[in-house]
Amino acid sequence: MYHYLASKVSLEGKRVLEVGSGRGGGAKYIAGALKPMFYTGLDLAQSAVDLASKIHVLPNLKFIQGTAENIPLADNSVDVVINVESSHAYGSVAKFLSEVKRVLKPGGFLLLVDFRNEKANMEIFRQELWQTGMELISEEDIGDNVVQAIEAEDEAKRERINKLIPKKWQKLFSEFAGVAGSRFHRTLKEKTRLYYRFVLRKKQS
């Protein structure tokens with residue numbers, strides 16, 4: 001997912017911000033493989049920032065604590081913002097998008113993948129993206145791709161859960177992890193949960 005999204009524009013030599021970097025695995029992959037000048041991972045949870053800073057160490061990578069609705073970076077300071085399966089949890093998506101536009105340099109890109117329950121909610125999200133005034137370069141329904149990925153890795157994922165998670169928590173964790181047959185998987189297959197990829201660009205002036 002990270003490679004698929006991040007490869008939509010060239011990151012080489014660019015300053016990249018990921019909003020919602022979690023434990024940092026995606027950030028480390030991009031920072032190492034796609035050669036940005038610098039990659040900042042931002043997450044709400046200080047515990048996630050501390051863990052990512054400890055286990056993912058590269059000279060062009062750092063993790064900081066902050067909120068999506070109040071990004072602690074200067075105006076016009078970032079070439080690319082990446083956001084993976086995170087915006088649905090924000091208190092104000094409009095404020096998040098306003099902050100993205102603020103920190104992006106003119107001509108900078110927002111690369112985003114996320115899901116919404118029901119078609120109407122995805123339409124609301126699409127309107128929120130449009131209302132930023134940024135240019136929508138492309139969008140793609142990737143729900144079928146996500147379903148295929150879930151099914152392809154299901155056996156390996158279940159093996160890890162059986163090995164690492166106490167038996168009494170395995171059913172609950174399997175739902176959280178989105179294994180095949182979970183509610184997340186079923187709703188994607190039924191098209192009652194939509195999963196889209198977007199590329200937007202801040203206008204030059």
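Colleague: What is the strand order of the open sheet of 7 strands?
Modeller: In this predicted model, the order runs β3-β2-β1-β4-β5-β7-β6, and the pairing is mixed. The twist from one strand to the next averages 15°.

Colleague: What makes β3 and β6 the edge strands?
Modeller: Each of them, β3 at 61–65 and β6 at 135–141, pairs on one side only.

Colleague: How do you know that β1 and β2 pair?
Modeller: Two strands need at least two bridges to count as paired. Strand β1 (residues 15–19) and strand β2 (residues 38–43) have 5 bridges, in the parallel sense, so they pass that cut-off. Within this pair, Val 16 stands opposite Tyr 39 of β2.

Colleague: Which strands does helix α5 lie across?
Modeller: Helix α5, residues 119–130, lies across β5 (104–117), β6 and β7 (193–201). Its angle to β7 is about 10°.

Colleague: How do α4 and α5 cross?
Modeller: Their axes come within 10 Å, crossing at roughly 30°, with α4 being residues 93–103. The crossing is right-handed.

Colleague: Which residues meet where α4 touches α5?
Modeller: From α4 there are Val 93, Ala 94 and Leu 97, and they meet Phe 125, Glu 128 and Leu 129 of α5.

Colleague: Why does that contact of α4 with α5 score 1 charged residue?
Modeller: Glu counts as charged, whereas Ala, Val, Leu and Phe count as nonpolar. Glu 128 is among the residues that meet there, so it goes in the charged class. By class, the contact has 5 nonpolar, no polar and 1 charged residues.

Note on methods: Residues numbered from 1 in each chain as written. Predicted model: local features only at pLDDT ≥ 70, side-chain atom pairs only at ≥ 80, totals over all residues. Heavy atoms only, no water. Helix = DSSP H or I, 4+ residues; strand = E, 2+ residues; numbered from the N terminus. Axes fitted to C-alpha atoms, helices over the stretch in contact; angles between N-to-C directions. Contact = heavy atoms within 4.5 Å. Left-handed = near helix turned anticlockwise from the far one by under 90°.
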